[in-house]
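Hi,

Here is the structure I promised to pass on. Have a look at it first, and then read my notes below.

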Amino acid sequence: NPLGALHLLRSDRVLAGLSVVNFFAQLAHVVLPSTFVLYATYRYGWDATTVGLTLAMVGICAMAVQGAAIGPIVRRFGERRALLFGLGCGAAGFLIYGAAPSGPLFWLGIPVMALWGVSGAALQALTTQRVTPERQGQLQGATASVQSVSQLLGPFLFTLIFAYFIGAQAPLKLPGAPFLLASALLLLALVIAVRTMAGVQRST
């Protein structure tokens with residue numbers, strides 16, 4: 001029952017705050033599959049080979065972070081700081097993507113964006129700590145429900161934003177607008193995470 005699972009997130013203030021962080025992060029992520037190819041083709045004139053090589057670079061950087069960076073970062077700084085660090089890197093990466101006037105500058109954002117992966121592991125650890133073992137399955141269902149809603153809304157949001165800001169009716173040509181919006185969403189998630197974690201610190 002998706003609605004019943006979501007009720008779990010409302011039962012705890014910290015879980016509720018982290019679920020909002022997760023929603024905005026998942027929503028921001030949808031900009032990549034929904035507009036990346038359109039954006040790269042329109043702004044940089046990339047062909048299929050360049051797009052494929054760029055995606056391969058993204059995959060390599062993501063695997064490097066997953067395999068070698070997440071564990072040490074979380075162990076050294078803890079889940080809370082790792083969450084904030086990852087969200088900050090994601091916001092910076094999307095900002096580079098949206099503002100880069102050329103392909104090589106866009107590529108500079110890839111390793112920065114890859115560090116966003118740290119936040120996912122930290123967020124999962126923080127949420128599971130708030131739930132008893134017998135309710136972990138319900139938590140996973142609630143998390144999946146939040147992700148599903150973001151994946152439902154994201155493609156419409158980002159493709160419409162992209163179409164508007166490259167169209168004749170736009171006040172200025174801004175093809176990077178979807179990525180700038182994604183950056184803003186992650187900054188909003190970062191602010192919510194800071195406020196949520198501050199409440200935890202006061203209570204402890």
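What follows is a short tour of what turned up. Keep in mind that this is a predicted model.

Let's start with the aromatic rings. Searching the whole structure gives 17 aromatic pairs. One of them joins phenylalanine 94 and phenylalanine 179, with ring centres 6.2 Å apart and planes at 35 degrees, which makes the pair tilted. Phenylalanine 94 sits in helix 4 (residues 48–99) and phenylalanine 179 in helix 8 (residues 177–203), so this pair ties together parts that are 85 residues apart in sequence. Both phenylalanine 94 and phenylalanine 179 are buried. They also belong to a cluster linked by ring pairs, whose other members include Phe36, Tyr39, Trp46, Phe106 and Trp116.

Some of those names come back in the nonpolar core. The largest core has 48 residues, and the ones touching the most other members are Leu83, Leu87, Phe94, Phe106, Trp116 and Leu186. At least two core residues come from each of helix 2 (13–29), helix 3 (31–44), helix 4, helix 5 (103–114), helix 6 (117–128), helix 7 (136–166) and helix 8. Helix 4 gives the largest share, with 13 residues. As background, nonpolar side chains in soluble globular proteins tend to be buried together.

Leaving aside residues up to four places away in sequence, leucine 83 touches Leu18, Ser119, Ala122, Leu123, Leu126 and Ala193.

What sort of residues make up the lining of the largest pocket: nonpolar, polar or charged? There are 23 nonpolar and 14 polar residues, and no charged ones.

Valine 191 is in helix 8, and its relative accessibility is 45%, so it counts as partly exposed. From valine 191 to isoleucine 60 is 29 Å in space, C-alpha to C-alpha, and 131 residues in sequence.

That's it from me. Happy browsing!

Methods
Residues numbered from 1 in each chain as written. Predicted model: local features only at pLDDT ≥ 70, side-chain atom pairs only at ≥ 80, totals over all residues. Heavy atoms only, no water. Phe/Tyr/Trp six-rings, centres within 6.5 Å; stacked < 30°, edge-to-face > 60°. Helix = DSSP H or I, 4+ residues; strand = E, 2+ residues; numbered from the N terminus. Buried < 20%, exposed > 50% of the residue type's maximum accessible area, 1.4 Å probe, protein only. Core = buried A, V, L, I, M, F, W, Y, C linked by side-chain atoms within 4.5 Å. Contact = heavy atoms within 4.5 Å. Nonpolar A, V, L, I, M, F, W, Y, C, P; charged D, E, K, R; others polar.
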